[in-house]
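Let's take a walk through a protein model together, starting with the overall picture and then moving in on individual helices and residues. Keep the viewer open as you read.

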Amino acid sequence: MAGAQRPARYARHHAPGPGTRYVGPPAHHHVRRLADPRTAHRHRRARQGRGTDHGGGRIPMMQLPHRPDLLPRADGDVRGLPGGRFRPQAARGLAVALTAALTVAAPLAAASPASADPALPRISAAPPQNGGCVKPSRQHPADVPWPQQYIAPSRAWDTTRGAGATVAVVDTGVDAVHSPALAGRVTPASAAAGTDCIGHGTFVAGLIAAAPRPGTGFAGVAPEARIIAVRATASDGTATANSVAAGIDAAVARRARVIDVPIALARSSPALAAAVRDAGRHGALVIAPAYGAGSTVSLSGDAPAPAAYPAALPDVLAVAALGPGGVPDQKSAPRTAPDLAAPGNAVMSVGPGGTGSFTGDGAELATAFVAGAAALAVAAHPELTPSQLADRLAATAYHIPADRALVGAGTVDPAAAVTAPVPGATAHAASRAPADLRMPPPEAHSGRTTAVAVTTAVGAAVLITGFIAFTLPRARRRGWRPGGSTP
């Protein structure tokens, strides 16, 4: 204050620093408390009778800290932050802690819940490399596979489970005897079609229509649909355009409403084109992969997948594959434009010879999820024509943030295909879905919700631990004084 006199002793030994303000009336007789930690202990001793009297003159009661700008200055001073001056070592320590936290949290956030167990035996379109037939699996995972969590077909099961719908699988055959998940619902088109040495056809049929079984989380999209098993491959798993055409004809003869052809051929034939047209005239929708499993890109490959038949033919619904989390498995647009996308990589299903589970990859397998959704839609709306069914599947697809050239109209949504009111559309799938139609995303499965919650909690815990580990020792060494102060 103006005119205040300070004792000489205080002037010599307790000269206030810049910014000191004298405030308040005497608090204890003639001794004023000083909030500055450098001198507070001396006044505490004076109040207890162990110090010297500073006299009755005005002395500083409190040295209020000045609050400078928190932005770093040219001289490196960062006032208001712990330590006062910027210390590169401290910053590096904090950076290491944050990097470690992100290293732990990033894989957890990127991981998809309940993706296929890598220990499961694999199914492909070719026979085992060591010869013979695929051996039965002894693995029975209890987790719900990621495709079931992603497209959530169970949301449609209150309306229909596919009873009354018939789906033909034109592939390597289907084990109609030793696959309990399909028991009683497989009709072989021939004696050979009721066996499956390679296992690919049984795997696809399971994705479409496997019934849930106790102790396992897996189930097909339409667990009450019927399967017509058609063999179109040779003993080595290869197929030709004419053999596939014969398979489609066999499926039509048995009145299949949905025909899944999980085969990608390099070329077509007049017989194949005629078989597809005939299927449409008889009320059957043909579904096929937009590219083959050999076209799945690696980390370094980005060449467009070549054209695939029968998917490239008119009136065939072409399907692309998604990996765990809904990521397209192609970097460049395939030559055959996909109409829809569905899970195709790291998927799990049943196989020949028993109750065990297998895993597989490829757009060929993605066709099964679309065929299962088509079976549910046909069961709920048997009046649909093939073109109307294709339009409905595309118009109700869940739109994902990916290039349309990679995923078509989006991810197939079985529940929406069954329940959503869609304006009548008669155009073919390639030119269909109205741009402004957006279906709500599939309901989050409890496994996905749990995974997200765990990831968030772990990431937060790591960040908090790193922050405490960085600041607590420094605060203790400073005696819990604010940054910039000195003892």
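Predicted model: local features only at pLDDT ≥ 70, side-chain atom pairs only at ≥ 80, totals over all residues.

The protein chain contains 12 helices and 10 strands. Of its 487 residues, 44% are buried. If you look at contacts in the chain with a separation of 6 or more, 76% of them come from residues 24 or more positions apart.

Which residues have the most contacts inside the largest nonpolar core? They are I248, I259 and L393, in a core of 102 residues. The element that gives the most to this core is helix α8, spanning residues 363-380, with 13 residues. Setting aside neighbours within four places in sequence, I259 is in contact with A168, V170, I248, A251, V252, A279, A284, L285, V286 and I287.

Helix α6 (residues 241-253) packs against helix α7 (residues 270-281), with the axes 8 Å apart and an angle of about 20°. That angle falls under 35 degrees, so α6 is roughly parallel to α7. The crossing of α6 past α7 is left-handed. On the α6 side, the contact is made by A241, N242, V244, A245, I248, D249 and V252. On the α7 side, the residues are A271, L272, A275, V276, D278 and A279. Sorted by class, the contact of α6 with α7 has 10 nonpolar residues, one polar and two charged.

Is A274 buried or partly exposed? Its relative accessible area is 32%, so A274 counts as partly exposed.

Helix α5, residues 200-209, and α8 have axes that come within 8 Å and cross at roughly 35°. Here α5 passes α8 in a right-handed crossing, whereas α6 passes α7 in a left-handed one. From α5, the residues involved are H200, F203, V204, L207 and I208. They meet E364, L365, A368, F369, A371 and G372 of α8. This contact of α5 with α8 divides into eight nonpolar, two polar and one charged residues.

A189 sits in the loop between β2 (186-188) and α5. With a relative accessibility of 19%, A189 counts as buried, because the limit for buried is under 20%. Leaving out residues up to four places away in sequence, A189 touches A229, V230 and R254. The C-alpha atom of A189 is separated by 9.1 Å from that of G173, 16 residues away along the chain.

Next, look at helix α9, residues 386-395. How many of the 10 residues of α9 are buried? Eight are, and the helix is mostly covered. The buried residues of α9 are P386, L389, A390, D391, R392, L393, A394 and A395.

Y309 and P310 are joined by a cis peptide bond, with omega about 10°. P310 lies in the loop between β5 (285-289) and β6 (316-323). The loop between β5 and β6 also holds D315, which has a positive phi of about 70° although it is not a glycine. D315 is partly exposed, at a relative accessible area of 45%.

A152 likewise has a positive phi, near 50°, in a residue other than glycine. You will find A152 in the loop between α4 (146-151) and β1 (166-171). In contrast to the partly exposed D315, A152 is buried, with a relative accessible area of 6%.

Terms used
Residues numbered from 1 in each chain as written. Heavy atoms only, no water. Core = buried A, V, L, I, M, F, W, Y, C linked by side-chain atoms within 4.5 Å. Buried < 20%, exposed > 50% of the residue type's maximum accessible area, 1.4 Å probe, protein only. Helix = DSSP H or I, 4+ residues; strand = E, 2+ residues; numbered from the N terminus. Contact = heavy atoms within 4.5 Å. Axes fitted to C-alpha atoms, helices over the stretch in contact; angles between N-to-C directions. Parallel < 35°, antiparallel > 145°, perpendicular 65-115°, else oblique. Left-handed = near helix turned anticlockwise from the far one by under 90°. Nonpolar A, V, L, I, M, F, W, Y, C, P; charged D, E, K, R; others polar.
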